[in-house]
Amino acid sequence: MKNKYGQLSTLVYETDKPVGVSFGDVAYYLERLRDVNGPILEPGVGNGRFLVPLLQANKTVVGYDASAHMLEVARSTLQQHQLTAELVQSDFASYQSAPRFDAIVIPAGTFQLIDSFETACTVLGNFYQQLNVGGRLMLDLDAAQAIFTSQPSMRKWQVGGGSIVTLSSTPLNVDYANQVSTELHRYELWENGQLQRTELEEFVLRWWSPSEISMALQLAGFTNVVVSGGYEYGRAPQSSDELISVEGTKN
Ligand SMILES: C[S@@+](CC[C@H](N)C(=O)[O-])C[C@H]1O[C@@H](n2cnc3c(N)ncnc32)[C@H](O)[C@@H]1O
């Protein structure tokens, strides 16, 4: 399975990006969501990095994620913080709900994990369906150049005791026609110098141009679509921006 966020991938995410880590997104979205009092949906909720600050801001949140490992971490993090949220195991394309959300928010470039344009458009249509009238969709995307220029790399994390996890990342393919890049991620867990476990993951990301994502939201029915650069709402994206965010409203 692609983008599976298995056991070691989850361990690395939680070690590298636990609750408290922000890419500038936490403050940005808390501000954008300040006036939202109804339920918020976070697709790809992961380990709860963003969920916990939302709940601490007294928001009501439903989160879903395809990875059972990520959801397990999120559940234990909520328990540690004495917070509650409805968490569901689901894929982007399969999650069903009646219109009941006042906002849907997808930080951390998570929307790019949908590697087909057609599926992404179907998911945007589902988001539109799941929002109440007046509800807003907010998501962000890494700039295209960061995705199709990725280089082979090796990283390691201390994960407690004498254990480390290494991640070697190898670019496999860049499909310019479909705007999809594929890397092979090889995670290895080492204890006291002995290899304990290996996990392979095909990591696939689709890149979007600012005008393309704007049109895709409009195609799904969203209005007041605003694409911004660098978490500065309303500032048009520039070539140097590492990140673009997009927001649209259901009328
Ligand atoms: C980059 S992490 C983001 C986690 C969290 N939202 C955050 O902001 O830190 C992406 C998450 O999307 C989930 N994911 C990947 N593919 C998915 C899919 N097809 N459907 C639902 N969730 C998916 C992964 O399991 C992972 O938890």
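How many residues of domain 1 are in contact with residues of domain 2? In this predicted model, 15 residues of domain 1 touch 18 residues of domain 2. The points below describe the two domains and the interface between them.

**Domain layout**
- Domain 1 is made up of residues 7-142 and 208-249, while domain 2 covers residues 145-205.
- A distance of 23 Å separates the C-alpha centres of domain 1 and domain 2.

**Buried area**
- The size of an interface is often expressed as the accessible area lost when the parts come together.
- Between domain 1 and domain 2, about 1,400 Å² is buried, and 61% of this lies on carbon and sulfur atoms.
- Of the area that domain 1 buries against domain 2, 37% comes from Leu8, Val12 and Asp115, more than from any other three residues.

**Polar and charged pairs**
- The two domains, domain 1 and domain 2, have 1 salt bridge between them.
- Arg155 and Asp16 form a salt bridge through their side chains, with an N to O distance of 3.5 Å.

- Helix 1 (residues 7-16) contributes the most to the side of domain 1 that touches domain 2, supplying 7 residues.
- By residue type, the side of domain 1 that touches domain 2 consists of 5 nonpolar, 5 polar and 5 charged residues.

Terms used: Residues are numbered from 1 along each chain as its sequence is written. This is a predicted model: local features need pLDDT of at least 70, side-chain atom pairs count only at pLDDT 80 or more; totals for chains, interfaces and linings use all residues. Side-chain values use heavy atoms; hydrogens and water are left out. Domain bounds come from an automatic or database domain assignment. Contact means heavy atoms within 4.5 Å. Buried area is the accessible area (1.4 Å probe) that two parts lose on being put together, summed over both. A salt bridge is a side-chain nitrogen of Lys or Arg within 4 Å of a carboxyl oxygen of Asp or Glu. Helices (H or I, at least four residues) and strands (E, at least two) are DSSP runs, numbered from the N terminus. Ala, Val, Leu, Ile, Met, Phe, Trp, Tyr, Cys and Pro count as nonpolar, Asp, Glu, Lys and Arg as charged, and the others, Gly among them, as polar.
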